[in-house]
Amino acid sequence: MSRTAVFLKTAAVIVLGLTAAGCGAADRLSEVGKQPALTAIQDPTTMPGYRPVRMPLPTPVPVHYNNNSLWRSGARAFFEDQRASKVGDILTVLVTISDRAEFDNETEREREGTDTSGVTGALGNAIDTIFLPAGSSSSDLASTEGTSRFRGSGSVDREERLRTTVAAVVTQVLPNGNLVIEGRQEIRVNFEVRELIVAGVVRPEDISSDNTILSDKIAEARIGYGGRGQITDFQQPRYGQQVLDIVLPF
């Protein structure tokens with residue numbers, strides 16, 4: 001690719017980035033002096049990006065009642081179960097995340113080589129007399145030396161803790177009885193909004209009698225905790241800096 005093509009491509013990316021930044025800046029200017037707005041309560045199944053969950057499932061077992069019996073096959077209790085079991089039911093997710101990772105790696109490599117080539121004996125004497133200047137010897141026609149050294153080290157020390165609760169809504173009941181849940185919580189404090197999102201698949205058997213479930217019991221769990229507002233805005237690089245970080249090669 002020629003330098004002109006690279007320059008034009010880079011310029012196009014910068015223009016697109018600045019255009020997007022201008023649109024975002026206009027929206028932000030309209031919110032100067034205002035608190036960040038909370039999003040409206042919506043049906044999770046109608047939100048952009050929502051997709052029904054499809055997973056391998058066993059063959060459904062038909063439900064039947066025995067003659068002259070109040071007991072239904074597959075029921076977990078004689079009386080009605082108050083735990084979430086149907087689409088639209090609510091259960092409480094106890095989010096408990098306590099992760100710690102520590103790695104320390106060090107690598108050192110060194111290589112050294114020396115090569116010497118020449119001609120000795122009668123042939124060497126002839127070469128010295130006819131072809132080489134005085135003071136030179138054919139026994140040392142070529143000599144190479146090489147040294148390579150590499151040393152690298154890296155360490156990771158990370159610790160994350162999150163303990164909170166959020167109410168989630170059952171959005172699907174899979175054919176095997178597992179529940180697909182999704183919950184969203186927004187809290188506004190002054191000019192900052194904190195968002196907590198929880199989604200995944202749970203087994204009805206893992207839901208406690210008080211209609212709660214631990215986050216480590218959620219399969220395909222998606223847990224997001226972040227924020228938006230003035231504090232988050234100041235913690236992010238400017239749009240121009242982000243564009244330059246992407247397009248600049250150095």
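The hairpin of E3 and E4 has two residues between its strands, and Asn-190 there takes a positive phi near 55°. Strands (E, at least two residues) and helices (H or I, at least four) are DSSP runs, numbered from the N terminus. Asn-190 sits in the loop between E3 and E4. Asn-190 is not a glycine, yet its phi is positive. Most residues other than glycine have a negative phi. Is Asn-190 buried or exposed? Asn-190 counts as exposed, because its relative accessibility is 58%. Buried means under 20% relative accessible area, exposed means over 50%, and partly exposed lies in between (1.4 Å probe, protein chains only).

This is a predicted model, in which local features need pLDDT of at least 70 and side-chain atom pairs count only at pLDDT 80 or more, while totals for chains, interfaces and linings use all residues. Residues are numbered from 1 along each chain as its sequence is written, and side-chain values use heavy atoms, with hydrogens and water left out.

Strands pair if DSSP finds at least two bridges between them. Within this pairing, Ile-181 stands opposite Gly-200 in E4.

Now step back to the whole chain. The protein has four helices and six strands. Along the sequence they follow the pattern α-β-α-β-β-β-β-β-α-α. Of the 250 residues, 19% are buried. The accessible surface comes to about 19100 Å², and carbon and sulfur atoms hold 54% of that surface. These areas come from the Shrake-Rupley method with a 1.4 Å probe; for residues, only the protein chains shown count as cover.

The largest nonpolar core has 16 residues, and Leu-91, Val-93, Ile-181 and Val-198 touch the most other members. Strands E1 (90-117), E2 (142-173), E3 (179-189) and E4 (192-202) each supply at least two residues of this core. The largest share, four residues, comes from E2. A nonpolar core here is a set of buried Ala, Val, Leu, Ile, Met, Phe, Trp, Tyr and Cys residues joined through side-chain atoms within 4.5 Å. In soluble globular proteins, nonpolar side chains tend to be buried together.

What does Val-198 touch, beyond residues up to four places away in sequence? The list is Val-93, Val-95, Val-166, Ile-181, Glu-182, Gly-183, Ile-218, Arg-222 and Ile-223.

Ser-215 is found in the loop between strand E5 (212-214) and strand E6 (219-229). Ser-215 counts as buried because its relative accessibility is 7%. Leaving out residues up to four places away in sequence, Ser-215 touches Val-93, Leu-94, Val-95, Thr-96 and Ile-223.

Another loop, between E4 and E5, holds Asn-211. Asn-211 also has a positive phi without being a glycine; the value is near 65°. At 16% relative accessibility, Asn-211 counts as buried.

Charged pairs come next. The structure holds five salt bridges, each a side-chain nitrogen of Lys or Arg within 4 Å of a carboxyl oxygen of Asp or Glu. One of them joins Glu-186 to Arg-228, with the closest N and O atoms 3.5 Å apart. This pair links distant parts of the chain: Glu-186 is in strand E3, Arg-228 is in strand E6, and 42 residues separate them. Arg-228 counts as partly exposed, because its relative accessibility is 25%. Glu-186, Glu-195 and Arg-228 are linked in a network of salt bridges.

Two further pairs have these distances. Arg-203 bridges to Asp-206, with the closest N and O atoms 3.0 Å apart. Arg-203 is partly exposed, since its relative accessible area is 44%. Arg-222 bridges to Glu-220, with a closest N and O distance of 3.4 Å.

The last stop leads back to the hairpin. Gln-35 lies in the loop between helix H1 (3-29) and E1. At 42% relative accessibility, Gln-35 counts as partly exposed. Which residues does Gln-35 touch, not counting residues up to four places away in sequence? They are Arg-188, Asn-190 and Phe-191. Gln-35 and Gly-229 are 194 residues apart in sequence, but their C-alpha atoms are 8.0 Å apart in space.

How values were computed:
Contact means heavy atoms within 4.5 Å.
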